[in-house]
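Open the model in your viewer and switch to a cartoon view. Keep the sequence panel at hand for making selections.

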Amino acid sequence: MLGIKRLGLLAALVLVGVAPAAAAQAAAQPSTQDTQYLQAVHQVNLFEITAGDLAQQKGQDQGVKDLGAMLKTDHTQLDQTVQQTASQLGVELPNEPSADQQAVIDKLNNASGAEFDRLWVTSELAGHVQAIQATQTEISQGSEQSVVQLAQTALPTLQAHYDELVQLANKLGIPVPQTSASGTPSPGGTGTESPAPGGTGTESPAPGGGSTEAPAPGTTETPAPSVS
């Protein structure tokens, strides 16, 4: 009987130790910031993969074709990490780009020649500004370490893409967006000056957007976008 009582006590102690741990794990849900960043950057990747394919198929300038191939490869690799992280955290990801991003894809599908190249580069510049800003906001405001680390890994790649796009724009005589709006709405926030990647605001377009008002990344005065 004594042996049975001891086993019962041991089992009780084990359960007492496990219950708080299980409760803590259940409570450790990703924040709205982290969740919306994962969803938005996934949509960015979906857009970039499609836009990269179009650049290789329809680009007139070889630089557009080559950069499109690089963007497709890099964003495909980035999205593998995004999907893995989202799965671990139980975050459901969208199945397609945002409505604004899809509208840009439609425009690219209908363009050709030099018009396509100009639209593609302009869209990519605006899109990468938004993606960089959203990523900077996640790094500074995110609470889930795995998502913050993802953003820290993604940022140099996004900045390298932007630099390549600026060089290509200069080569093709395409204006590069200048800094504009101020404020720092976070991904998922309600700021109206710089919407989420894929958002509908007029000051700072979504990835793939065509506005020339988007701020350049890396500046201290530009906002981080809300994330859709």
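What should the 28 residues of helix 6 span at 1.5 Å a residue, and how far apart are its end C-alpha atoms? Select residues 145-172 in this predicted model.

Then step past the end of the helix to G173. This glycine comes after helix 6 and has a positive phi, near 75 degrees.

Next, the core. Select Y37, L38, W120 and V121. These residues have the most contacts inside the largest nonpolar core, which has 41 residues. Helices 2 (32-58), 3 (62-89), 4 (99-110), 5 (113-141) and 6 each supply at least two of its residues. Helix 6 gives the largest share, with eleven.

Zoom in on V121. Leaving aside residues up to four places away in sequence, V121 touches V64, L165, L168, A169, L172 and I174.

Last stop: helix 4. Its twelve residues reach 17 Å from first C-alpha to last, close to the 16 Å expected at 1.5 Å a residue. Select Q101, V104, I105 and L108, which are buried. Look down the axis of helix 4: its buried residues fall within an arc of 100 degrees, so they line one face. Helix 2 and helix 5 are among what covers them. Turn to the other side of helix 4 to find A99, K107 and N110 exposed.

Conventions:
Residues numbered from 1 in each chain as written. Predicted model: local features only at pLDDT ≥ 70, side-chain atom pairs only at ≥ 80, totals over all residues. Heavy atoms only, no water. Helix = DSSP H or I, 4+ residues; strand = E, 2+ residues; numbered from the N terminus. Expected span 1.5 Å × (residues − 1). Core = buried A, V, L, I, M, F, W, Y, C linked by side-chain atoms within 4.5 Å. Buried < 20%, exposed > 50% of the residue type's maximum accessible area, 1.4 Å probe, protein only. Contact = heavy atoms within 4.5 Å. Arc of directions from axis to C-beta.
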